Amino acid sequence: MSRLGSLGAKLHRGEVSFDFIGSRRRWYAFSGLLILVSAIALGTQGLHLGIEFKGGASFSVKKAGVSIAAAEKAVASTGVKTEVITQTVGTDKIMVQTGVITNLESEKIQDALAKEFNVNRDTIDTQVVGPSWGADITHKALYGLIGFLFVVVLFLSLAFEPKMAISAIIAVVHDLLITVGIYALVGFDVTPATVIGFLTILGYSLYDTVVVFDKVRENTRGLTGGSRMTYSQAANLAVNQTLIRSINTSVIALLPVASILFVGAGLLGAGTLKDLSLALFVGLATGTYSSIFVATPILASLHEREPAMQALARRVAAKGNGSNKANASDKANVSDTEVLATVSVGSVDRGVTKRNQPKRKSKKRR
Amino acid sequence: MASTKTPTSSRPGRSLLVLVLIFVALGATAAIQGATSVRLGLDLRGGTSVTLQPRSANGVAGKVTSASIDQAVSIIRQRVNSLGVAESEVTSTGTGTNRQIVISVPGDTGRRIVELVGQTAELRFRQVLVEGSAGVAATPTATPAPTASATPSPSAKKGKSAPHAAATASPTSSATPSASTTPTPTPATTSTLPPGVTPDLVAKYNALDCTQAINRQGGGGDDPNAPLVACDRTGSSKYILAKAEVLGSQVSGASAVLDQQGGGGWMVLLNFNGDGTRAFANVTSRVVSLSAPQNQVSIVLDGLVVSAPRIISAITAGSAQITGNFTQTDASDLANVLKYGALPLAFDRGEVQQVSATLGSDQLHAGLLAGGIGLFLVLLYSMLYYRGLGLVSVGSLAIAGSLTYLMTLVLGKTIGFTLTLAGIAGLIVSIGITADSFIVFFERLRDEVREGKSLRSAVETGWVRARHTIIVADAVSLIASVLLYFFAVGGVRGFAFTLGLTTLIDLLIVFTFTKPLVTILVRTKFYGGGHLLSGLSAKHLGMKIPVVRAAGTAQSSVQEA
């Protein structure tokens, strides 16, 4: 663990630096590919919607010795005309899903199942969803999503700056698209619990991005006044400095989610817990990826187009030969530590640190 | 350095005192309210929940307005309360006209609830124009007209093919035995149309197949001023009915009574108000002389014919009976529904969910187990990574946990907050978010130390920066949960609520517990001295030179590095 700690220290000082921003085209291409695959999967496969969205009914009977054949026979005996999907959950539970049926028909099926398996009717877990209900909740979720994105753009514009807000939102949309794509590709069921998961991902992804951006803002404050580093370099330093936190946060966020997934899938088979944690699990992974590889690079791209930042980049480039190596640090990894340490740590990073910490200067005077 | 106190240097004691006061206040509130256990949602303890979506319809059930939803909620609440099941709940969720009505009833009364609340209960009395057998029969078939009178008829009780119904002035009046069962031809042919029946209606009538359950769902919204083509409730016959002449709103009372003469069957006794009495007298006296089936007056509930008794004599006493093979439960439920009046709106049954008690407890246990494992893993990881500082996260999470518990107790009593499975999921997810606040703070603190600050000043300067990050990040979380709460329905709301609640608690804990605790701890030898296990040791931070309490030394060490 202390190895992670010492890596943290090196990352903080800039001795070790992963160049996330410099190789952004590579990440854009990678993300673009993922989104393309997601779009194709969504277009060709579509999402597996649960009965909550398309309407229908579901009945579960928990009893030792249940069989699919017996359940199907029971449903058929009611004469209710609907498509029926029957599956076993674990060894002692059977779940029957039907299309849209009336209340009366649902009662018939309940009675038939109760008779077939010789259980009390009230022990059959039942869910009947009307055909228009799914459309309703889908619309509401969409309104919620749009409202959320709008408010967050406003909030981040005020708390940070509009460009950060835009970058953060792009990262969030990126996460959502890829998560939905994975759902289409693998064919996981989409239920309201999944939607909860998706929406939480928004929060998580933004939360993660906010932490990185806060550091970017700190590192880039007063940047145009000097000629020490470009916006991209400062942003890259911020990503590196928050890398350990990002790793820790992701691990800590994933641990409870993994335990819900494990318990939900293992003990209950299917249901709210499994659906929710699966969406979170997939989304958290993309969320962490996007705040490092998508949000910050986009932010840097947006800023590098400003005249002031372009001028700064020219000044930095003009300032000594070191900049060649700094630019070449595209491939920087742990093994490049020595080079970077001699070239940039001494001048660039130290300088930034100093400028951002007036308190330290006052201490020096003492 | 020890002498320089930064102005931001907090008074940790005071912050901790605030937290203690909050705890005492919450604990006292919970104790006064007698809240001892968390209110669990139906998905965790078993029960039935029905979500109704208002739908605009013509007729009495008119436009969806906020007032009409409120009215519907109170009518449904009266109906549900008439069941006498403890802890049943009728609430509306959402805002303005964009609301759903959620009915939750614990235990296993599911089927009755669904029937009870789903009915609009629009009661109408319509003259029968044409009556026939239920199917789309092309050839005329004869069906027995329902026997109708107040006097008992032995043939009346058997079989659902003959809905036995009576509407008379009083159970004792009228002496005509109902011996005559007149076969009624069907389908109606255009050549012998009774007055008021248009070819249009006949076409509709002929097409209607009452043997299909889908056509017997009922539902309100039929226009009282227009004729109606309707099925019998049991699916045995179908009718063309004249426009409504007496409405449910003209009923002043309803009760379930045992039919003394009818051999023990249950029926519903209706009393009309003044208007109703006059209207009912008019229609009965007009049809009494007509030939079958036009001498029948149908009782239509939510677009389905409950019964269509033949009128033997004009009824002027202002009461009527509805009979029809009712059990006592059926009769009293129907009486209640009629007594409390029709709903001002029509509803779509959005979702009906019935959870058995076993599944409920399974889900509760699974949720708790997942939470326990998740918490344990998070604690384990922070102890391994942050060592001594990890203890601070453990403490903070413990405080956050107990605060959340107290809040759910108090909110359960004050605003009726119930913990659902989705809510538990929200709580588990929030473990991560809460723990992350500590991570942000700790990493900042360590960064400051790496830059050569003494631990004490690093706590203060690191806190100032971490604070900003934590506030912004938590604000985003809060925005997400508030919007989710207002836009979403059902389970999503429970999730959003707990997520929002725990985000607020997270902010409170970080400010009043975590930060003050760290401030106090760095004054101790173990933490302040950078002990190997404190999580603040030089080795742990990856520094080449050990951090020493004296600031000057640490400062110079960085200068050399």
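Val257(B) stands opposite Met267(B), a residue of strand β10(B). This pairing belongs to a predicted model. Strand β10 covers residues 266-272 of chain B, and seven bridges join it to β9(B). The two strands run antiparallel. Strands of a sheet pair through backbone hydrogen bonds, either parallel or antiparallel.

The sheet is open and has three strands, in the order β9-β10-β13 of chain B. Its pairing is antiparallel. Which strands form the edges? They are β9 (251-258) and β13 (319-326) of chain B, and each pairs on one side only. On average, neighbouring strands of this sheet are turned by 20° against each other, direction ignored. A helix packs on the sheet too: α7(B), residues 328-339. Helix α7(B) touches β9, β10 and β13 of chain B. The direction of α7(B) makes about 170° with that of β9(B).

## Two helix pairs in chain B

Take α8(B) and α10(B) to begin with. They pack at an angle of about 10°, and their axes are 9 Å apart. Angles under 35 degrees count as roughly parallel, so α8(B) is roughly parallel to α10(B). On the α8(B) side, the residues that meet α10(B) include Gly367(B), Gly371(B), Gly374(B) and Leu375(B). On the α10(B) side, Ile424(B), Ile428(B) and Phe442(B) are among them. By class, this contact of α8(B) with α10(B) has 11 nonpolar, five polar and no charged residues.

Now turn to α1 (residues 12-33) and α9 (residues 388-414) of chain B. Their packing angle is about 40°, with axes 9 Å apart. The two helices are therefore oblique to each other. The crossing of α1(B) past α9(B) is left-handed. From α1(B) come Leu26(B), Gly27(B), Thr29(B), Ala30(B) and Gln33(B). They meet Leu406(B), Met407(B), Leu409(B), Val410(B) and Lys413(B) of α9(B). Six residues of this contact between α1(B) and α9(B) are nonpolar, three are polar and one is charged.

## Where chain B meets chain A

How many residues does each chain bring to the contact? Chain B gives 72 residues and chain A gives 76. Several elements of chain B give two or more residues to this side, including α4 (110-118), β14 (346-355), α11 (455-487) and α12 (491-521). Helix α8(B) supplies the largest share of that side, with 15 residues. By class, the side of chain B that touches chain A has 39 nonpolar, 21 polar and 12 charged residues.

Strands also pair across the two chains. Strand β5 (residues 125-129) of chain A pairs with β14(B) in the antiparallel sense, over four bridges.

Asn118(A) has a positive phi of about 55°, although it is not a glycine. Asn118(A) sits in the loop between α5 (103-117) and β5 of chain A. Is Asn118(A) buried or exposed? Asn118(A) has 7 C-beta neighbours inside 10 Å, so it counts as exposed.

## Chain B as a whole

Chain B contains 15 helices and 14 strands. Of its 561 residues, 52% count as buried. Consider the contacts in chain B between residues at least 6 apart in sequence: 75% of them join residues at least 24 apart.

Conventions:
Residues numbered from 1 in each chain as written. Chains lettered and ligands numbered in written order. Predicted model: local features only at pLDDT ≥ 70, side-chain atom pairs only at ≥ 80, totals over all residues. Axes fitted to C-alpha atoms, helices over the stretch in contact; angles between N-to-C directions. Parallel < 35°, antiparallel > 145°, perpendicular 65-115°, else oblique. Left-handed = near helix turned anticlockwise from the far one by under 90°. Contact = placed C-beta atoms within 7 Å. Nonpolar A, V, L, I, M, F, W, Y, C, P; charged D, E, K, R; others polar. Pairing = 2+ DSSP bridges. Buried ≥ 20, exposed ≤ 12 C-beta atoms within 10 Å, placed from the backbone.
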